[in-house]
Amino acid sequence: MTPENLLVRKFDKVLIANRGEIAVRIQRACHKLGLKTVAVFSDADRTAPHVRYADEAYHIGPPPASESYLRVDRLIEVARQSGADAIHPGYGFLAERAHFAQACYDADLVFIGPPPHAIEAMGDKQVARATVKAAGVPVVPGTEPGLEDDEMIAAAEEMGFPILVKAVAGGGGKGMRPVHRPAELADAIAGARREALASFGDGEVYLEKMIRDARHIEIQLLADAHGNIVHLGERECSLQRRHQKLIEEAPSFVVDEAMRQEMGAVAVAAARAVDYVSAGTIEFLVDRDKKFYFLEMNTRIQVEHPVTELVTGVDIVQEQLRVARGRRLPFTQDDIQMKGWAIECRVNAEDPYSNFLPSTGVISDISLPTGPGIRLDTGVYEGYEVTPYYDSMISKLIAYGETRGEAVLRMRRALEEYSIMGVKTNIPFHQHMLESHRFLSGQFDTRFVEERFSMTDREAENDLEAAICATLVAHRQGQQASQIVAPGSRDTTNWKWYGRWRRMR
Amino acid sequence: MKYITRVNGKEYEIEIDQEEQILVNGEPYAVNFQPLPGGGTLSLLINNRSLEATVDERREAYDVLIHGELYTVQVQDERAYRLAQARGVSLGAGGDTAIRSPMPGLVLDVLVEEGEEVESGEKVVILESMKMENELRASRDGVVLRVLVEKGASVEKDQELVVLGDASAAEEEEEAYEVAA
């Protein structure tokens, strides 16, 4: 039985309403299934990989997302124009906007995701809590939304600190504030309201008790339109900063088979409560006693889906496409076994030595890691400009091993090989983390990166070598002084230009 | 040719006569240096130890990426170094430091006032960009010499927001102001 307002039907051409690595990832799954792909792009993305790899590509507006990737009318229009009969939203942008799923339905387009009512129910934190609670899923104590500031302050005193201020329409850590002392609460509520209003156009916030020493562990689900829901085990996503995940792995250090099946069954129940279809994720907080609480459901494909793909062998995006075409899941719960270990590092244009400040600019040089057990999902290239218009993620580096140890060793090697110039990246953060005892022994929680992890004790190992390199470059440049121009007056650096010039000789 | 090269607070004296044999602080190193065709990457053999590095030239320094770690390296030939010494200026020490906006954005708050003492790592400006609130922090201990933006201002990438300096410099500036007044 197909849920209300969800079109499930065979389709041949998919419009991908997204950009970057996830757009490329979806195209790959489409090509594998013999489906044609339609890309959309803003002025900033004309030469992006997702445009070049697509069968067709359409310009949709200027760089700001609100004038391009968030334009529902433009996207529906491009679908009509191109003859696409389905839309994949990816993650971010419109992926969790019920009105977009509804607009697709109204335009007789297959939305490759859950039905609008499921997005709506799970997108509203309070409705989500109430819905899953009714289905027997444990939730974290908290307040209702719509309270005045003084009512929230009173409720907080009753619950006890620490607490979290969260935006009703929030996600990705935006509009969220931890509060440890009663005196800080009023400011935190104001700050969260301001950020939520700026990001989501809705300043409504509520409070939630903070679970101390909590781990963030989530369950990946796949559901077809015939009522079958299967979980693909857990992902450990505790290593995050300001609620942005940085490193994810599957399986989790603390989850054994019994706990996995218990969490999986609860997750399936939560999804069933909203007639879920497609790929989705139930996020849990797990406390020190391994008690788990429902945090939220992400009604979309997630950034970190590859780690689950590597340990289960399931191509999650392909299954999303198949399910949207009305096919049954090709496996049952009993067929799903986790094998080996996978780790993902999100490579962001951020400077880990300066409080993770975003770094913008042109990628002047890039070389990619390869080799056994390494997967790189990326949407950038040499000459690509990291702009402030979109998020700072450059790529996802994923390592697989028979054991966690093997995955870590492969990841360390790949991080060394991965060279990106022109913008600062958080690769040294990942290297430092993968060398830390706490990471290696699996002893971390969601506060670890922010409160107990520092880059200041990282010793740079190659000072001398770097000095020799730069001096030799300066020396050669000095000898070619007549060819050198001021930085910036040529479209490439003097050093690169020198290399090319030398080759032409 | 002699060079004075600085990286991460360390200083090396590097002498290059022939490229294959260089002296670092008087100690000989056998070096084989091969830029790769097409660009910034180079292969370096130092006493047969093989390293790959990527080099990018910036305003006053070279960025060198080795094994994922970025090194900012300042190179001066001996002549430039002596001239700078004679002028009493040395790279990377003292002087005023501007805190610049790392990206375009909106100033949500300025947390310091002119004349205020700050410690390295202290929050100075809250900047909204990429839909996130970003904390810009003091890069050194010192005194706030100038605050160049106010709350609510839109700023461009690399725009100076706050200038930090030494406490003594702040006093001098104040004295100069008093004299002028």
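Here are some notes on the predicted model above, point by point.

1. Ground rules. Residues are numbered from 1 along each chain as its sequence is written, and chains are lettered from A and ligands numbered from 1 in the order in which they are written. As this is a predicted model, local features need pLDDT of at least 70 and side-chain atom pairs count only at pLDDT 80 or more, while totals for chains, interfaces and linings use all residues.

2. The open sheet in chain A. Five strands line up in the order S3-S2-S1-S4-S5 (chain A) with parallel pairing; helices (H or I, at least four residues) and strands (E, at least two) are DSSP runs, numbered from the N terminus, and two strands pair if DSSP finds at least two bridges between them. Strand S3 (56-61) and strand S5 (110-111) of chain A sit at the edges with a single partner strand each, so one side of each has no neighbour in the sheet. Further in, strand S1 (residues 13-16) of chain A runs parallel to strand S4 (residues 86-88) of chain A, joined by three bridges. Val14(A) has Ala86(A) in S4(A) as its bridge partner.

3. What packs on that sheet. Helix H1 (residues 20-32) of chain A touches S1, strand S2 (36-42) and S4 of chain A, and its direction makes about 175 degrees with that of S1(A). Axes here are lines fitted to C-alpha atoms, for helices over the stretch in contact, and angles run from 0 to 180 degrees between N-to-C directions.

4. H1(A) against H11(A). The axes of H1(A) and helix H11 (residues 316-324) of chain A come within 9 Å and cross at roughly 60 degrees. The two are therefore oblique to each other: under 35 degrees counts as roughly parallel, over 145 as roughly antiparallel, 65 to 115 as roughly perpendicular and the rest as oblique. On the H1(A) side, Arg25(A), Ile26(A), Ala29(A), Cys30(A) and Lys32(A) meet Val317(A), Gln318(A) and Leu321(A) of H11(A); a contact means C-beta atoms, placed from the backbone, within 7 Å. By class that is five nonpolar, one polar and two charged residues, where Ala, Val, Leu, Ile, Met, Phe, Trp, Tyr, Cys and Pro count as nonpolar, Asp, Glu, Lys and Arg as charged, and the others, Gly among them, as polar.

5. Strand S10(A) and its partners. All 13 of the 13 residues of strand S10 (residues 229-241) of chain A are buried, so the strand is largely enclosed by the rest of the structure. Buried means 20 or more other C-beta atoms within 10 Å of a residue's own, exposed 12 or fewer, and partly exposed in between, with C-beta atoms placed from the backbone. Strand S9 (residues 215-223) of chain A runs antiparallel to S10(A) over six bridges, with Ile217(A) opposite Glu236(A). Five residues separate the strands of this hairpin, and Gly227(A) takes a positive phi near 90 degrees. Strand S11 (residues 244-250) of chain A also pairs with S10(A) in the antiparallel sense, over four bridges. That hairpin has two residues between its strands, and Arg242(A) in the turn has a positive phi of about 50 degrees.

6. Chain B and where it meets chain A. Chain B has two helices and 16 strands, and 31% of its 181 residues count as buried. Between the chains, 47 residues of chain A are in contact with 54 residues of chain B. H16(A) gives the largest share of chain A's side, 13 residues. That side divides into 20 nonpolar, 16 polar and 11 charged residues.

How values were computed:
Two residues are in contact if their C-beta atoms, placed from the backbone, lie within 7 Å.
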